[in-house]
Structure formats: C-alpha cells, structure tokens
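Please look over the sequence and the structure first.

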Amino acid sequence: MSSEPEENRSHLLATLQIDLDPELFDLALTHRSYSYEHGGVPTNERLEFLGDSILGQAVTVMLYTTFTDLDEGELAKRRASLVSTVALAEIARTIGLGAYIKLGRGEELTGGRDKASILADTMEAVIGATYLDQGPDVATALVLRLVDPLANDPTRFGVSMDPKTSLQERAAERGFDAPVYRIEESGPDHQKTFVATVTMTSADASVAPVSSTGAGTSKKQAESAAAAAAFALLGA
C-alpha cells in the first residue's frame with residue numbers, strides 16, 4: 001500500500017496541476033506487484049500503455065514545432081531521450097511520485113519506490129489517466145509541463161541518448177580498452193531485475209580499472225544505466 005494517506009494525494013495533484021477522478025487516479029498508481037498480493041485487483045498497465053502513446057505524440061509535436069532547424073535523425077534522438085525510462089524516472093523523482101505508488105510488500109522491501117522502471121511506468125499511467133478523465137488537451141499540457149525542464153537542458157542530449165556508445169568513446173579517449181559488461185538477474189519470471197556491471201581496464205598497469213553498476217527491468221536498461229554511471233566517473 002502507498003506510504004501516503006489517500007487524502008495527501010491532493011498534494012500530488014496540485015503539483016501536477018491537474019484534477020483526476022479519485023478511482024482512476026488510484027488505478028494509475030497501482031503497480032502489478034500490489035495486485036499480485038491483493039487478489040488480482042486491476043493494475044495501471046493499461047493506463048501505462050495509453051500514456052506511452054500520449055507522451056510520444058506530445059513530445060514529437062513539441063520537438064517538430066520548436067526545433068525547426070533539426071533533421072529527422074536528430075529529432076528522433078531527442079524524442080528517445082525525453083521519453084526514456086531514465087527521463088521519466090527523473091521527472092517522477094522531482095515530483096515525489098514514488099511515495100504515492102501502491103506496491104506489493106516485495107517491491108516495497110527492495111526499494112521499488114525509487115526503481116526507474118516503476119517510476120517511469122507510473123508516470124505514463126498518470127498521463128493516460130489524465131487523457132481519459134480530462135481529455136487530450138489537458139493531457140498534452142501535462143506532458144509538456146513535465147518534459148519542459150529536460151527539453152531545455154543543453155546537457156540532456158548527450159550521453160543520455162546512447163550511454164553505451166558515449167562510454168566506449170570516452171573510454172578510448174582515456175586510454176582504456178573497450179568496456180566489458182556482466183549481467184546478473186534475480187526475481188521471479190514476471191518481475192525480474194537485472195544488474196549490469198561494466199568494467200574498463202587499461203594496458204597501462206599503473207592505471208586502475210574503472211567499474212560501475214546499473215539496474216533495470218531488462219538487460220539493455222541495466223547496461224545503459226551502468227554505462228551512464230561509468231561515463232560520469234570517467235568525466236570526473
């Protein structure tokens with residue numbers, strides 16, 4: 001169950017600058033792990049599916065109309081960055097969304113409130129719920145408010161677009177060999193967690209190896225998180 005009393009959700013709605021039907025809002029905040037432990041109550045996955053589409057359309061139109069000098073390839077890269085799990089989780093943390101998510105005990109104990117995948121999926125579900133309850137204009141306005149700080153951040157469209165390629169390039173610049181990734185997985189089939197460890201070594205014995213880890217709900221997501229962390233280390 002959410003760590004926040006039901007009445008405190010009004011604070012989240014005020015932050016989002018929207019007004020939602022309480023039952024629909026509750027559904028948007030219900031993770032599948034909660035459903036699994038509470039008799040199969042409905043989850044937010046269908047709303048997440050809808051919200052993903054609304055998010056993508058709103059961001060695509062915004063980029064097309066705002067950045068008129070960018071070609072199709074660059075627009076696609078920027079869209080991918082803004083709708084990524086990393087970006088959505090960042091937005092969710094900024095508004096404190098994690099405290100309101102209804103999680104099962106297992107997820108609660110393993111830090112589910114700060115897991116990027118759960119935060120991103122719930123953010124999409126809230127967008128989907130807004131579309132159903134308030135219509136496309138309000139849902140689009142919500143998306144634009146959420147992504148605006150990221151879209152106008154000049155540092156956003158670098159490593160976050162392709163962490164693994166960025167890391168490989170920076171590693172070569174620093175005299176390291178190509179990054180090597182190792183994956184470990186845990187959890188049941190319906191709720192797996194992947195942890196990636198990326199390590200870089202140098203032919204120069206005096207240079208210490210560099211290693212970072214990252215987690216996600218897929219191997220690709222975990223490797224990207226590990227690469228982004230390692231990139232930051234090399235930058236330092």
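A pocket, as the word is used here, is an open set of grid points where a 1.4 Å probe fits, with protein on both sides within 12 Å along at least five of seven lines, and its lining residues have an atom within 4 Å of a point. The structure is a predicted model.

**The second largest pocket**

The second largest pocket has a volume of about 190 Å³. Its lining consists of Thr15, Leu16, Gln17, Glu90, Ile91, Thr94, Ile95, Leu142, Arg145, Leu146, Pro149 and Leu150. Two or more of the lining residues come from each of the helices H1, H6 and H9. H9 provides the largest share, 5 residues. The helices span these residues:

| Helix | Residues |
|---|---|
| H1 | 9-16 |
| H6 | 85-95 |
| H9 | 136-151 |

Sorted by class, the lining has 7 nonpolar, 3 polar and 2 charged residues.

**Helix H6**

The buried residues of H6 are Ala87, Leu88, Ala89, Ile91, Ala92 and Ile95. Ile91 and Ile95 also belong to the lining of the second largest pocket. The cover over the buried residues of H6 includes H1, H4 (45-66), H5 (72-82), H8 (116-134) and H9.

The C-alpha atoms of Val86 and Gln221 are 9.0 Å apart in space, although 135 residues separate the two in sequence.

After H6 comes Gly96, which has a positive phi, near 75°.

Key
Residues numbered from 1 in each chain as written. Predicted model: local features only at pLDDT ≥ 70, side-chain atom pairs only at ≥ 80, totals over all residues. Heavy atoms only, no water. 1 Å grid on protein atoms, 1.4 Å probe; cavity = no way out; pocket = protein on both sides within 12 Å on 5 of 7 lines; lining within 4 Å. Points joined across faces, edges and corners; volume = space filled by probe spheres on them. Helix = DSSP H or I, 4+ residues; strand = E, 2+ residues; numbered from the N terminus. Nonpolar A, V, L, I, M, F, W, Y, C, P; charged D, E, K, R; others polar. Buried < 20%, exposed > 50% of the residue type's maximum accessible area, 1.4 Å probe, protein only. Contact = heavy atoms within 4.5 Å.
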